[in-house]
Amino acid sequence: MIRRGSTVRRVALAAIVGLAVIGTLGALMGFYPLVRDFDTVHVRLEFAPRDDSPGGRLDNVLLDALDHFGYLRAFDDVFAAGGRRARIDRPVWLDRCEVRQGDFQRFAQWLPFSTAAAPVAPGQPADWRHLSDNRDHAVSGRLDAPANGVTWYDAWVYCEAAGGRLPQADEWIAAATGVEQRLYPWGDDFLADGWPYLDPLLNAARPCGAAPGTDTPGGIADMGQNVAEWAAGGGSPPASLVVGGNGYNAPRELYSLAILFRHAPATYRSPYLGFRCAYDARPVAPPWRVEPEAVVLPAGDYGVGVPDGARLPGLLAHVPRERLDVVKRLLAQVDRERAVDLYVTSREITRREYAAFLTDPFVAAGFHADANQPRDHVHRPPDWDRQMTEPDLPVVNVDWWSAYAFASWAGGRLPSAEEWESAASGQGRRLYPWGSDYVEIAAVDGTGILGPRPVGAQDADATPEGLLAMGGNVSEWTRSVSNLGGRYSVVVKGGNYLLPGAETARMDFRNHVSPNHRAPTLGFRVVFDRPR
């Protein structure tokens, strides 16, 4: 009786032993070394805790709200202006509370009977009537809630008639940030005390100081919630600006940031928009007998723009919004218990190195193949003889199956797209492998012909750590799988000699191709988890 299973196992064992003997003899004859040496660069991916500097804290808030910036453009001017400082040359008094509905009601009733000519706001249309869009200027009879539904013209004239003025945006921001440049009017940590209700209208109609924990250290109330506030911008005529958070706009952690302002038409009205007044001297009671309560903003130098060290505002000001995934990958931080050490081949795998792979009998027997590799797959590129006339150039015209098998044969693996990007960008510190600004990369070989070229340590396309040709030369396979377009594909990283330019050289540039794809512009490099 013949035991077929035992026979098959004996044949397989004999084949393995035979291949091992062939491989060993080949090694002794110099045909193939059992251990290959690769020139690698040590890359340490350190996942530090979130940056707690002023700029880092701002980045963290913006990063958490990043998806909203696909459509939110209101704060572009703030981000583009970057770090700004404002010099307050003399003390300024600001209303401790936002102007109440009852205050504005009494003002509106007094104004028609005033014997003096009413002030006129810049650009105010003739015959403008200073009324809110609420019946009797109140919401549900809450005369102690902030005035709302008033235009920039109404707020301007109210403050002028009260002996003050509408605050300059920089004065308002200086009071909200303080000399310590707080992230929020009350401090650096977001507080949700100002939003106790599910109904945003109720959150916008709370009496002054209902959430004392959100007051500024100087005692100014409700700068980050209740209603947003009108302010005046610089220039002539002054711009109509909106500052502060409110009961409606979300994410609240974003809109309540002290440095943010946005433009709005002077005729705009909203139940979530009111105002407070500023004064150049201690205020006195206005003609409609409202007792003033003001807090002084001392003279000094105030940070009213993006704090030092913040990186995300600058990226949002310059990176197209359809590429927000770039920003996320540049700044997203991953929770890891320890740093990760990678050893990345300094160059793309060369044809000389690939030739040794092709001559290994274990490769021919499929010992390094992916389990899903197509039947009868051939690792030899179709133009292999021509490629070997220049053996030190990157190997090309290899599909993903061959790149995977080579990496396994070499004792390593293909990098993930995220590992490739972290290595190329210095873990998000650079937009290009060499730095933050684009430099022209040669797209021709040493003879002036368009094609892959040998690279050296002095090449412009090099990271400070010593990784070469990650921005151009040939694109590279990764082990990351994508379902973009609903089809199974593999992520390809890096530009190549047919796609030179600032877009393709960036660390975030990606292509998605079939694992069966071969191209004269596509090669790969290998990463190792241990030193070589």
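This is a predicted model: local features need pLDDT of at least 70, side-chain atom pairs count only at pLDDT 80 or more; totals for chains, interfaces and linings use all residues.
The protein's accessible surface comes to about 25000 Å², and carbon and sulfur atoms own 53% of that (Shrake-Rupley, 1.4 Å probe). Residues are numbered from 1 along each chain as its sequence is written, and side-chain values use heavy atoms, leaving out hydrogens and water.

Of the 532 residues, 54% count as buried, meaning under 20% relative accessible area. The protein has 15 helices and 16 strands, taken as DSSP runs (H or I, at least four residues, for helices; E, at least two, for strands). Among contacts (heavy atoms within 4.5 Å) with a separation of 6 or more, 76% join residues 24 or more positions apart.

Now for a helix pair. The axes of α4 (residues 101-110) and α5 (residues 152-161) come within 11 Å and cross at roughly 80°, so the two are roughly perpendicular, a label covering 65 to 115 degrees. On the α4 side the contact uses D103, F104, F107 and W110; α5 brings D154, V157, Y158 and A161. That makes 6 nonpolar residues, 2 charged and no polar ones.

Finally, look at E180, in the loop between α6 (169-177) and α7 (200-203). E180 is partly exposed at 47% relative accessible area, the class between 20% and 50%. Its side chain makes a polar contact with that of R182 at 2.8 Å (N or O atoms within 3.5 Å, one able to donate a hydrogen and the other to accept it). The C-alpha atoms of E180 and G303 are 8.0 Å apart, despite 123 residues along the chain.

Conventions:
Axes are lines fitted to C-alpha atoms, for helices over the stretch in contact, and angles run from 0 to 180 degrees between N-to-C directions. Angles under 35 degrees count as roughly parallel, over 145 as roughly antiparallel, 65 to 115 as roughly perpendicular and the rest as oblique. Ala, Val, Leu, Ile, Met, Phe, Trp, Tyr, Cys and Pro count as nonpolar, Asp, Glu, Lys and Arg as charged, and the others, Gly among them, as polar. Buried means under 20% relative accessible area, exposed over 50%, partly exposed in between (1.4 Å probe, protein chains only).
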